[in-house]
Amino acid sequence: MIECYNCGSAIKETTISAEKVLCWQCCIDNYWDKTEVLNKKPSDKPRGWKFMAVYIHKDGTVYHKGVEQPDLKGTLPLTAVKPKPKVTKKLTKKESSDLVAELGTLKASLRRVKTMKTQTTLEKKIKAINKKLR
């Protein structure tokens, strides 16, 4: 076993001809620039602006598929950016109470069913509602 020349930790898998070895932790410390990650400023452009056919920035700069078009600056109206709706898995109290009420009516109608076809459709609906309520 050879030790790391920087911190002295033991390294198992090395070649016999190796004179100096640097462990993975020391590699990260020496070669990874932490200031680059900390100093990164968020862009004022929306996600995917490079892939839009035409994107007009706040200052009037026109981009066509991510490439700036300086001759068109200030000639087109700004691009309206729609915020992405937030998806939540939790149901609100009103939604869950509505689902419970619907589940009750489906179970009551399941008792009165006479044909097998309607019974299977009702069972599928009940199963879907139970899955949502979990």
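Two strands pair if DSSP finds at least two bridges between them. Helices (H or I, at least four residues) and strands (E, at least two) are DSSP runs, numbered from the N terminus. On those terms, 3 bridges join strand β4 (residues 62-64) to β5, and the two run antiparallel.

This is a predicted model, in which local features need pLDDT of at least 70, side-chain atom pairs count only at pLDDT 80 or more, and totals for chains, interfaces and linings use all residues. Residues are numbered from 1 along each chain as its sequence is written, and side-chain values use heavy atoms, leaving out hydrogens and water.

**Sheet**

- The open sheet has 3 strands in the order β3-β4-β5, with antiparallel pairing.
- Its edge strands, β3 (54-56) and β5 (67-69), each pair on one side only.
- Neighbouring strands are turned by 35° against each other on average, direction ignored.
- Tyr63 has Glu68 in β5 as its bridge partner.

**Helix pair**

- Helix α3 (residues 93-111) packs on helix α4 (residues 116-133) at an angle of about 155°, with the axes 10 Å apart; axes are lines fitted to C-alpha atoms, for helices over the stretch in contact, and angles run from 0 to 180 degrees between N-to-C directions.
- That makes α3 roughly antiparallel to α4, a label for angles over 145 degrees.
- The crossing of α3 past α4 is left-handed, meaning that the near helix is turned anticlockwise from the far one by less than a right angle.

**Salt bridge**

- The structure holds 1 salt bridge, defined as a side-chain nitrogen of Lys or Arg within 4 Å of a carboxyl oxygen of Asp or Glu.
- Lys94 and Asp98 meet through their side chains in a salt bridge at 3.6 Å, N to O.
- Both Lys94 and Asp98 lie in helix α3, 4 residues apart, about one turn of the helix.

Definitions and conventions:
Parallel < 35°, antiparallel > 145°, perpendicular 65-115°, else oblique.
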